[in-house]
Each structure stands twice: as C-alpha cells, then as structure tokens.
Amino acid sequence: MRRTFKIYRLMRSNKRLRAFCRNKLAIFGTSVLLLIVTMAIFAPLIAPHSPYEHNYALKIHSPSNSYIMGNDQYGRGVFSRIVYGTRSVLQIGLLTAVVSAVVGTSIGLVAGYAGGTVDRLITAGVDVMMSFPPMILGIMVIAIMGVGLYKVIWAIAISLTPGFIRLTRVAVVSIKHTTFIEASKAMGASHIRIIGKHVLPNISDTILVMFALWASKAIIAAASLGFLGLGVQPPDPEWGYMLRQGMELLYCAPHMVVFPGLMIVLLILALNALSDALRDVLDPKTLT
Amino acid sequence: MTAAYILRRFVSSIVVLFTVVTLVFFAVRVLSGDPVTAMLGDHATAQAVQSMRTRLGLDNPMYVQYFGYLFGLLHGDAGRSISGDIPVIQSFIEVFPFTLALALGSIVFGLLLSIPLGVLAAIKRSSLLGSSITLLSFVGVSIPSFVMAVTLLLLFGSLVPILPVMGGGDLSNIPDFLRHLILPVLSKGLITAAVLARLVRAKFLVVLGEDYMKTAAAKGLSRSRILLKHGLKAVLAEISTMAGIELAAMLGGLVLTEVVFTRPGLGKLLYTAVIERDYFTLQGGILVFCILVIGVNFLADVVCVMVDPRLQYD
C-alpha cells in the first residue's frame, strides 16, 4: 500500500515537472533567472572592466564598442556595474525570501494550527505590523539601524514577513478542519506528526509560489531603498542607486537610466513569471 | 448587525493604532541610540548636547517622555521638527493635499482603467485582445513605481515636453495643480491599473462560470445586461476590498514617486526627515502613514459590508 502510494506520488510530481517544463512562463522565468545567476557567479569573467575602475576621459560617454552600455559620471562601465550588481540583488532577493519563508511559515503554522489565544495574539501582532506600509517600515528600520547590505536584508525581511505569516495561517486554517486531519487526530497521531506529515506537505505548494513572489517583492523593495540612497552603499554597484545617479543626468546620459531600469524590470518579470507558472502547475484549480 | 460589526472594526482599529504609536515611539527612542548625538554629530560640545536634550525633553525618564508624547498627540501636538523648529503637525497639514490628490488620483485612474480592461480580458480571454491585456497587465505589475516614474520623466522631460515634470504646482491655482498631478498619477496609476486588472480578470472568470450566469442567459437576458447586472455586481464587493488593499499598499510607494517628481508630500517629508535625522518628523511621518493605512482598511471593510452584508461573518 505504502509503496504504491510512493510510486503514485512520484508519477504525480513528474507530471507536474513535465507541465512546468511545457509552461511558457516557466521557460521564460527560468532562463532569465539562470542568465542572471550566471552573471553573478561569473561576474569577473563576464564584466569587461572593474566596476570600480574610474576612467574620467569617458565620463557619461554613450555606449561604445568597449563599453557596450556606456559609462557613468565617473567613467565606470555601466555594463560591468550591472553585472556585479546582480550579486547584491540576488543575495537580497534570496536571503529575504528565505527569512520570510522560514519565519513566516513557522509562525503562521503555529497560529493556524494552535488556534485560540495563540492565534489571536499572533493575528493581532500581524495586524499591527501590516498597518505599516512595507516601504515605510523598511525606511524606518534603515533609519534606526543604519545602511548596509545586511541591514537592508533585515529591513526588507521585517517588512515582508507579516504578509507571509498571514497567508500561511490562512492556508493552514483552510485544511485544519478537513476529514483526513481529523482522522489522523482520531488515530492518535501527535501534533508534530500531523504538522510534519499532513499540514506542511499540503501547504508546501502555496509556500513555494509565495517564495518566488516574495523574492520579487524583496528585489523591488531593495531597488527602491537603493534608489533612495538607503540601500547598498556606493561605491558598491546596486541597480536602484545606479538609476538614481542616472536620474540626475537624465537628459544628457539616458543610458545610465535605461539599462539598470531594464534589468530591474527583467528580473522582476522573470520572478513573477515563475511564481505564476508554479501556481498554474501546482494548483490546477486556478488554471482558468 | 452591520452597525455592530462596524463598531467592532472601529474599536479594533483604535487598538491597533495605539499599539503602533507605542511601537514607533519605543523603536525610535530605544533602538536608534542617542538622537541628539545623531543630529548634532560626534563633534558637538557636551554643553550643546545637554541644552538640546533639555529642550527636547530627552533627559526625562522614558515613561515621562512616552506619556508626554501621547498627551501631546491627543492634543494635536506631535513635537517640533529639529531643523526648522516648525510644529510637525503643521508641516504635515501643509503637504497633505498633495499626497491625498496623488493617492486618490492614482486609485481612481487605476479603477477606471482596470475594471473595463479586466472584464474585457475575462470575456475575450481566448482572443488576441484578451491575451494582450493579460500580457500587458503582467508586465505592468512587474515595473517598480520608481522605474515607471523615471521613464515618464525621460519621456515627457525631453521628447514631449508638454507637461511639468517637477514640483507639485500651486494649490490655489487649480489648473496648475492638476497639470502637475498628471505625470505622478500616471506613474502610480498605470501600475495600480495593472495589479487591479489582473484581479478583476481572475474574479470575473470565476463569476462567468457560476450557475446564476447560465440561468440569466437561459432566461433570455441580453449579454450586456447579464455581464453588467449579474457579473459586475458580484465582483464589486471584492473590487472595493482590493482597491482598499491596493490603496494602502500604494501609500508607502508614494515616497519614491514624490522624490522622483520632487513633489511636496508626506513621503517626501518623511524621506527628508530620514536624511536629516529629524526624529520627531520621522516619528510623526510614520504615524501619519499608519493612520492612513488603518483608516483605508477600515473604510474598505465598511464599504465591503455595505455592498455585501454576508462578508461580515468571515
């Protein structure tokens, strides 16, 4: 019985994998993401110049053969800075999504599963945190803690986790009263076993979809903070701050704005496509 | 019944608001180290630091400061800004119309664009029109608001210089004020429209499959009547909730829009306060944003229950 079930699960997941590989959104999202991850890993090989190398002779120079995306106001290559910028962007996106997912899932699980006073307390806490607009909460944390890559990650994680808790809780509550959970309770299964064997596997799809979505939210937040000068600090390359610097020279050097802007949009598009594709594949009910 | 629900929601909003005030107060006081040193810099003389402390009431015990602040807030006093010595409340009131116009303008623009487009995308979902709307709204939700704002700035600043790209205009001169509003509203509103259009489409697709839609068709009602009277009405309550959530979510992003277009506003004020380390303005600014979010959520819930009384039991 157990073995048949395992084989069935495997087949089912393969079917999902096949559906995922056929999904156009998934193909687009995965390829763009792979491209950007490759850029981050092999940055020294891909970038033709150092992201810190000044070349004052080529200040705000338009795209040319050796600098394919032009130069910024210090003569640094925009392309090289974009390539190195992938490192901080991916770190922020990934780490924040991981923190939000781990903390959000644990607290959401406890709230949804325990119910009663615990649930009420957690829900009240989430309500309070969610009455801060995420951007404002991020700015507040930065204003209190100061700037820097890891502080940005904290700021964004703090502002995005409450939403994750709320959605996880809803998912848990919606399956808590199903018959199979009640059946395993009646059979004397411990809470840990019910959570690990029944609740978690059933909400893992939701969490996976949210993970991709939260990574994209985190990257938007990081670029926004960077744009305000409250994110990753210069001279380290960061897309949002590059855009801000370009804005000050908008009409004489539009290439300083156009390329970082396109990269931000491309990455967010890829992550949103992935999250949409995952939702379509994992939850056929929403396939409309 | 509905009145009782609204009252309950109101009380819980007040409790949340009180918690937020407390949280912000202690976060700013306790976690940010010494605001006076931060404001005056490391090289300030001990005397200057001490006189600043006394002036701001920072040498009192924490609980005295806290109750003093609460008492002040209830009397419409949120302290004075450090740099200009202006009452914080006054500086917020001055810029509030600019932010209000921007937020309301964007959400109205978003709704006006997204409802027809979302419905159209749902009805004609297998045609070219439907899929292009779906694709466009997908791209729209992936554009961060500041990227959109800078793009509009680039477009209207140099290529088609017909609209003002900087400042908020003159409040007493309505046409001028409105002209300055167009680009900021476009930059927020287009993204809001994309977000809402996706939701409207999804909700409308669900409604299209409902049995009562088939019944209405079987009764021989005209297609437009079915869609408007039965379809749209069913999603209206959800749209109002979504618009509320979207409005609340948009508020934080206004900081960026106001910075890009150098518009006066709550967001710009908050941003300046962070840069200048003006703690009272920062604290007040965060509170104003939270009050707006709590207020918007409350109103959205009330509207939602008015439209569809069944929802209060959720």
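Author: From the N terminus on, chain B runs α-α-α-α-α-α-α-α-α-α-α-α. Helices (H or I, at least four residues) and strands (E, at least two) are DSSP runs, numbered from the N terminus. This is a predicted model, where local features need pLDDT of at least 70, side-chain atom pairs count only at pLDDT 80 or more, and totals for chains, interfaces and linings use all residues. Residues are numbered from 1 along each chain as its sequence is written, while chains are lettered from A and ligands numbered from 1 in the order in which they are written.

Reader: Let's zoom in. At what angle do α8(B) and α10(B) cross?

Author: Roughly 150°, and the axes of α8 (residues 174-208) and α10 of chain B come within 9 Å. Axes here are lines fitted to C-alpha atoms, for helices over the stretch in contact, with angles from 0 to 180 degrees between N-to-C directions. α8(B) and α10(B) are therefore roughly antiparallel to each other. The angle classes are: under 35 degrees roughly parallel, over 145 roughly antiparallel, 65 to 115 roughly perpendicular, and the rest oblique.

Reader: Which residues of α8(B) and α10(B) meet?

Author: Among them, Val195(B), Leu199(B) and Lys203(B) are on the α8(B) side, and Ala234(B), Glu238(B) and Met242(B) are on the α10(B) side. Being in contact means the C-beta atoms, placed from the backbone, lie within 7 Å. The residues of this contact split into 14 nonpolar, four polar and four charged. For those classes, Ala, Val, Leu, Ile, Met, Phe, Trp, Tyr, Cys and Pro are nonpolar, Asp, Glu, Lys and Arg are charged, and the others, Gly among them, are polar.

Reader: How are α5(B) and α6(B) packed?

Author: α5 (residues 88-123) of chain B packs against α6(B) at about 130°, with the axes 8 Å apart. α5(B) and α6(B) are therefore oblique to each other. Leu117(B), Leu120(B) and Ala121(B) of α5(B) meet Leu129(B), Gly130(B), Ile133(B) and Thr134(B) of α6(B). That contact has five nonpolar, two polar and no charged residues.

Reader: New topic: how many residues does each chain put into the contact between chains?

Author: Chain B gives 39 residues and chain A gives 31. On chain B, the helices that each supply at least two residues include α1 (2-31), α10 (223-260) and α12 (279-307). The side of chain B that touches chain A has 31 nonpolar, eight polar and no charged residues.

Reader: What about chain A, how many helices there?

Author: Chain A has 11 helices and zero strands. Of its 288 residues, 44% are buried.

Reader: Which residues touch the most other members of the largest nonpolar core?

Author: Ile139(A), Ile156(A), Ala218(A), Ile219(A) and Ala222(A), out of 147 residues. A nonpolar core is a set of buried Ala, Val, Leu, Ile, Met, Phe, Trp, Tyr and Cys residues joined through C-beta atoms within 7 Å.

Key:
Two residues are in contact if their C-beta atoms, placed from the backbone, lie within 7 Å. A residue is buried if 20 or more other C-beta atoms lie within 10 Å of its own, exposed if 12 or fewer, and partly exposed in between; C-beta atoms are placed from the backbone.
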